[in-house]
Every structure is written in structure tokens, then in C-alpha cells.
Amino acid sequence: MWSPSLSTAARNRLRAAIVAVSVVAIAAGATCNEHLTVLAKGVRVCLECMGIG
Amino acid sequence: MFGMHGNRVRRPSERVRRQGRARTLVQCACAALANGYAVGFLRGKVFSGPSKALCVPVLNCSSCPGALGSCPIGALQAVGGSTRHTVSFYVLGTLALFGVVFGRLICGFACPFGFVQDLLARIPLPKVVVPARLDRVLRKVKYLVLGFLVIGLPAMAVVTGGNVAPLFCKFLCPAGTLEAGLPLVATNPSLQRLVGFLFNWKVLVLVAVVVLSTIVRRPFCKWLCPLGAFYSLFNKLSLYRMDFHAHACVGCGKCVRACPMCVDVRKDPNSPECIRCGACKATCPANAITTSSKLTQKGPSPTD
């Protein structure tokens, strides 16, 4: 992803690009109601996580 | 031989103690924050508020009775494993955002399961040095876990047309057993009747990790944790970073011996394996290791 020779300015641009892509990804995921799937899993007792289901 | 902290001069041993105490306090606070629904432990029930739609940036089981947010690894598998989605942009975006700002600082200071391993490492038992070749191979396993179990297999749900079980949570995750399995089974009689082979297997995995943590520092973080694997991709790029000043180094090697992740900070201060715990910085007698979190800096970074 990153080579040691990258300058500070280039690294900052790459960081900004990742932040922008992350925000778009979060918005896209929320638009597709992914957060509701996350909520549905979070509010129930997950038997797989416990080692029962 | 003395390090500067503000206007006072402190010996490295005192700095190590102070830094260790400060990190323990932060780890306690983060664990308490992530599991703030204390009533859940008494009632044997999980929190079901709207904050569960948000992912915490650490490995903290959603089914832990006290958990206020969702585990990102469980959420990745739940969304990817459903027939409606392939991968979770929502969770990956959240993790990338934390990764690009903090890198693996989250592993070193905020992760409750990392904290548990740190506490176990304090038990005064002789520490085992894993052979370098074996260690190198084992450290790659966490990337397999992330790519195959957490992202790849759940994404197949769309192809197979049926929901895919969260295999990492089901077979491997010791945090789920510790934070959810044991407290819920202990307090909920109806769950006690369901305990079987799988639960025993997961307890065995947890016991193995616990025992290993007393003789090897942070074994789960080094070898198995998919969240650590994800954040490690951002370590060289993250805003929070380590800097090594070669001109100041006296070559004592204390930093390497202090590192729980066995990173040689002199060769690669922003190694993907570094959890930014600060042990190397605190122990350095020559102040050759510093941290920075600035967007701009005067001149090139000493580690560039």
C-alpha cells in the first residue's frame, strides 16, 4: 500500500483519499441498510459467538 | 542517561513505570467504556439499544452483556454472510477510518482483549522465545483469518444463496467465549442446557490463549487477530506514528527487548506488527524514539 520513500505531502494526500473513500463507504453501506443488519446481530444473543449455536 | 518529560528530568525506569500505569488506566477506561451496560452482567442479558448499530473499533463481543456497541469482526461476518450483501462497506469504512488515524494504537491502548493478554503477561513466568521462522509463518495466519474466514467465506453467501455462519466467531474467537459465553452461560439457566461440544471447544481455545499469554506476550494479537491484521495494513500510513532518530541511538537494544510484539523499532518504527504501546519509547535512555501525530512537519520525517 505504501512505500518508505513516500514524501510527507504524498502520504497526507493518500490519507485524505482513504478518509474520503471510508466516508463514502460508510454512507453507501448505510444506504444499503447494512447498519440494520449490524444492529440486528448486536441486539440478540449470538449463539455462535458464545459457542452454542 | 536521563529522559526529558516537560521541564522535569526522569530516569528511564521511572518513565517505564509511569507509562505502564498510564497505559493500564487507558486500557481500563476503554474496556469500561465499551462494556458500560453493567446491569447486563447481573441480568444475563445483552444490551439492545440503538448504539448497537455502531461498531466499536476493538475486538469486543457484541453478545457481551455489557457491550454498548457491536464487534466489527462479528458485524463483518453478519453483513457479508447475509444473502443481501457481499461485503460490508459500512464496517470496512468505519475500520479504515480508525486505521488511517490511529493504526494499531487501538490494539495497544483500547482493545479489551489485548488488555487481558497484557494482564496475563504480568504473571511472573519465564517468557518463551518463539523461533523466528515459526513466528514469521504464524504472523501470516491472522491475514488468512481476515481474508478467508471473516471476509471471503461470508461473501460466498450471495453465491450459495444461504446465510453463512460467522465461522471465526463460532470456532476461533476467544473474546466471545470470555466476554459472552462464560458470563451468559453462568447467569442464564436456559443457555446452560444448550452447552455441548462446540462450547467445550471454544473454552479449550480460550484456555490455550490464556495459558499461552502467560509465557508469550500478546499471542492472539500476533498470530490470530483479524482486526489487528486489518489495522496493520494502515500502520505505515496512519496519522499517529513512531519516529526513530538514528543519530541519537546508543545501540543498547533495550527497545527491542521491551517490545511485546518483538519488533525491532530501529529497523522499522512503523512496522505492521507495532501496536504503538510505547514501551520502546519509555525504555529508551537516549530519547531516540518519539511519536508524532501531525499532518505537517518541518523537514522530512527521521524515519523517511
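In this predicted model, Ile26(A) belongs to helix α1 of chain A, which covers residues 8-31. Its relative accessible area is 21%, so Ile26(A) is classed as partly exposed, the limit for a buried residue being under 20%. Beyond its neighbours within four places in sequence, Ile26(A) is in contact with Phe89(B), Tyr90(B), Gly93(B), Thr94(B) and Leu97(B).

Chain A contains three helices and zero strands, and its elements follow the order α-α-α from the N terminus. The radius of gyration of chain A is 18 Å, whereas a compact globule of 53 residues would have a value near 10 Å. Along the principal axes, the C-alpha atoms of chain A occupy a box of roughly 50 × 30 × 10 Å. Buried residues make up 40% of the 53 residues of chain A. The accessible surface of this chain is about 2600 Å², and carbon and sulfur atoms account for 73% of that surface.

The largest nonpolar core comprises 46 residues, and Leu59(B), Val91(B) and Phe168(B) have the most contacts inside it. At least two residues of this core come from each of α3 (72-80), α4 (89-102), α5 (105-109), α7 (132-155), α12 (197-215), α13 (219-223) and α14 (226-232) of chain B. The most is given by α4(B), with five residues. Apart from this core lies another, of twelve residues, which include Met50(A) and Ile52(A) as well as Cys169(B) and Phe199(B). With residues up to four places away in sequence not counted, Leu59(B) touches Cys71(B), Ile73(B), Cys111(B), Pro112(B), Phe113(B), Ala175(B), Glu179(B), Phe220(B), Cys225(B) and Leu227(B).

Arg23(B) is located in helix α1 of chain B, residues 12-34. A relative accessible area of 13% places Arg23(B) among buried residues. The side chain of Arg23(B) is joined to that of Asp118(B) by a polar contact of 3.2 Å.

Over all chains, five aromatic pairs are counted. In one of them, the ring centres of Tyr37(B) and Phe47(B) are 5.0 Å apart and the ring planes stand at 50°, so the pair is classed as tilted. Tyr37(B) is placed in the loop between α1 and α2 (39-43) of chain B, and Phe47(B) in the loop between α2 and α3 of chain B; the pair therefore ties together parts that are ten residues apart in sequence. The two residues fall into separate accessibility classes: Tyr37(B) is partly exposed at 23% relative accessibility, and Phe47(B) is buried at 18%.

A further aromatic pair, formed by Phe230(B) and Tyr231(B), is edge-to-face, with 6.4 Å from centre to centre and 70° between the planes. Both Phe230(B) and Tyr231(B) are buried. Together with Phe234(B), Phe230(B) and Tyr231(B) form one aromatic cluster.

Note on methods. Residues numbered from 1 in each chain as written. Chains lettered and ligands numbered in written order. Predicted model: local features only at pLDDT ≥ 70, side-chain atom pairs only at ≥ 80, totals over all residues. Heavy atoms only, no water. Core = buried A, V, L, I, M, F, W, Y, C linked by side-chain atoms within 4.5 Å. Buried < 20%, exposed > 50% of the residue type's maximum accessible area, 1.4 Å probe, protein only. Helix = DSSP H or I, 4+ residues; strand = E, 2+ residues; numbered from the N terminus. Contact = heavy atoms within 4.5 Å. Rg over C-alpha atoms; globule rule 2.2 N^0.38 Å. Areas by Shrake-Rupley, 256 points an atom, 1.4 Å probe, with all protein chains shown as cover. Polar contact = N/O pair within 3.5 Å; in protein donor to acceptor, adjacent residues only side chain to side chain. Phe/Tyr/Trp six-rings, centres within 6.5 Å; stacked < 30°, edge-to-face > 60°.
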